[in-house]
Amino acid sequence: MIKKLDELLAAAKKGKTMNLVVAAAQDEDVLSAICKAAEENLVNPILVGDKTEIEKIAEKDGLDLKNYVIHDVTDLTEAAKFSVKLVSEGKGDFLMKGLIDTSILLKAALDKEIGLRTDRLLSHVMIYDVPYYHKLIYLTDGGMNIEPSYEEKVKITENAIDVCRALGNKEIKVAVIAAKEKVNEKMPTTVDARKLQELCRTGSFGNDVIVEGPLALDLAISKEAAEVKKFKSEIAGDTDILIVPTIEVGNGIGKTLTYLAGAESAGIIMGAKVPIVLVSRADSYQAKLNSIALGSVIASYKDQK
């Protein structure tokens, strides 16, 4: 079981080197992270984009691209389609966003003819290595789904569980976050949370998963808080996955962990045929490298199934 992000990087180095296709690779920060990942044998990069701009960046930053495959596609929409097609044809194991709008890349990824569509919902999973917590926290969905329905929350939960399994978790503890622990019909998120808990008890998520909800955040991450409130829980203080009710809650928790708690992070989009690395320009260099390693480990896990 991978408990820290440095262990994730080590696992990616030890595992099979996966082929990473980068759409619109002419992004300085992304290109630097990709080159570092290649040096560490995390990935074999396949770059798609404006070759002239890619080479200008490489020359400016002293990056050696001589062993990389570069497909010269200057139009962003075409670069997205070409990148997705490479992955669909088995020439790439996972996908990464470069200097391109997320909507353009995802539209190509969901294209019915060349895309990576499945019956799953696309959702964003962030992983946080928080200094004071004893293992990784998986947070979803603070990046894609705005106000998911109960049915969508089921699929969001399934995607996060897949990430946990790829990182070696043998028992997965899921907290469905709400403002209180009691079900209140006036608070639909508490109703959904209890339904997810009951669904888990039928075995729908697998015998290796425990779901509890609704849970306030303090109970999910603090055993002491649960003891003070005399709240009986199998997961309090030992939660792996936080399922949030809305994108604002997920975004707020994530940014708090990063900027106030000093957490390192990695992020991935799940639900397509392959993982999709989608980083923000505000993400640190280390977060980009972590995200590439995460994509590589998940892609390798899928390849072995």
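Let me start with E53 and K56, whose side chains meet in a salt bridge, at 3.7 Å from N to O. This is a predicted model, so keep that in mind throughout. Both residues belong to helix α3, which runs over residues 51-61. They are three residues apart there, so about one helical turn separates them. E53 is partly exposed, with a relative accessible area of 32%. K56 is exposed, at 51%, because the cut-off for exposed is over 50%.

As background, side chains of opposite charge can pair when their charged atoms come close.

Next pair. K135 and D240 form a salt bridge through their side chains, at 2.9 Å from N to O. This one links distant parts of the chain, 105 residues apart. K135 sits in the loop between β5 and β6, and D240 in the loop between α9 and β9. Are these two buried or exposed? K135 is buried, with a relative accessible area of 5%, and D240 is buried as well, at 0%. The pair also belongs to a network: salt bridges with shared partners join K135, E171, K173, D238 and D240.

Third pair. D129 and K4 meet in a salt bridge between their side chains, at 3.2 Å from N to O. D129 lies in strand β5, residues 123-129, and K4 in the segment before α1, so the pair ties together parts that are 125 residues apart in sequence. D129 is buried, with a relative accessible area of 14%. K4 counts as partly exposed, at 21%, because buried means under 20%.

How many salt bridges does a search of the whole structure find? The count is 19. I have shown you some of them.

How values were computed: Residues numbered from 1 in each chain as written. Predicted model: local features only at pLDDT ≥ 70, side-chain atom pairs only at ≥ 80, totals over all residues. Heavy atoms only, no water. Salt bridge = Lys/Arg side-chain N within 4 Å of Asp/Glu carboxyl O. Helix = DSSP H or I, 4+ residues; strand = E, 2+ residues; numbered from the N terminus. Buried < 20%, exposed > 50% of the residue type's maximum accessible area, 1.4 Å probe, protein only.
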